[in-house]
Amino acid sequence: PALDRLSAEGLTFDRSFCTAPQCGPSRAALHTGRYAHSNGMLGQMHQPFNWTLHADERHAAAILKEYGYETIMVGLQHVSQTPETLGYDRVFPRQPALELGKTATHLLSEYATQTEKPFYMEIGFVEPHRPFDRDGIQPDDSKGVDLPGWVPDTDEARQDFAAVQGIISVMDQGVGMILDALHEYNLVDNTWLIFVTDHGLAMPRAKGNLYDPGIETSLLMRWSAHNFCDGKREDALISHVDIVPTILEAIGADIPQNLQGVSLWDRLTNHTTPPNDHIFAEKTFHTAYEPMRCIRTKQ
């Protein structure tokens, strides 16, 4: 219900894709505007390979900090074992969804009452990462079980998808707390809210693979000041590397020449020609050396 509400109030992207079907490389590209093979994050930040960004890479938090934003990380970031080095002024640890919602709500109340400084707040839910029963979360089949066509219709699959529906429901409640806080503290009109997933579900043929279920992502935005509202939809082909240049153009910042994505700002505000006729995705390391590459077009 919370994400449906955000979609109804905001802008929904129908063709949004990550650049890598796993956590670390995908998030690194999302937050640097550069592909994993360029920014150094060729796999996960933890063992067995302990990948990390190259020393000269600049995370969105670091760039926005230079433009006067206070930068906050709340929850999961999955790019560095030392998140303070990425450019955050304040870092709050990973928490279950409802606790994360409370922390974010408290921070939003601070900004509404105590400061005029603009802020960049990154809120990282661990849900719906496996295990789906983390923190005692129960399966949810109250409205049936929705199986996508790329998994077999078996009892085991239905049990697994009931579990993922349960954990998505809890994550959605956390999102709802944040939406409510933005309204309560009169931050809605001047806040650009972006909801994005890092990759597809941890299911066969999805996460870890370059088929659509692995690289297609949720992307919702709301910013009423720029007409990202009222249930609009956008069918342009979008890559995660496009997000940072879009944000920088929107706030009037310089876009570094080494960014590999393109700004969507003109498309979103003036409805010009879509900037992409294809996007790229890749996987190099996960639990082993697993090189894959893809090109995705509208067809």
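Here are legends for a few close-ups of this predicted model.

**View 1. The three-stranded open sheet, ordered β4-β3-β5.** The strands here pair in parallel. Out at the edges sit β4 (90-92) and β5 (119-124), each with a single partner strand, so each has one side left without a neighbour in the sheet. Going from one strand to the next, the twist averages 10°.

**View 2. Strand β3 alongside β5.** Zoom in on residues 70-75, which make up β3, and you'll find six bridges linking this strand to β5 in the parallel sense.

**View 3. Helix α5 meets helix α6.** Here α5 packs with α6 (residues 155-184), the two axes lying 8 Å apart at an angle of about 10°. Angles under 35 degrees count as roughly parallel, so α5 and α6 are roughly parallel to each other.

**View 4. Who touches whom between α5 and α6.** On the α5 side, the contact is made by A97, L98, G101, K102, A104, T105 and L108. Facing them from α6 are V170, M171, Q173, G174, M177, I178, A181 and L182. Sort the residues of this contact by type and you have ten nonpolar, four polar and one charged.

Terms used
Residues are numbered from 1 along each chain as its sequence is written. This is a predicted model: local features need pLDDT of at least 70, side-chain atom pairs count only at pLDDT 80 or more; totals for chains, interfaces and linings use all residues. Side-chain values use heavy atoms; hydrogens and water are left out. Two strands pair if DSSP finds at least two bridges between them. Helices (H or I, at least four residues) and strands (E, at least two) are DSSP runs, numbered from the N terminus. Axes are lines fitted to C-alpha atoms, for helices over the stretch in contact, and angles run from 0 to 180 degrees between N-to-C directions. Angles under 35 degrees count as roughly parallel, over 145 as roughly antiparallel, 65 to 115 as roughly perpendicular and the rest as oblique. Contact means heavy atoms within 4.5 Å. Ala, Val, Leu, Ile, Met, Phe, Trp, Tyr, Cys and Pro count as nonpolar, Asp, Glu, Lys and Arg as charged, and the others, Gly among them, as polar.
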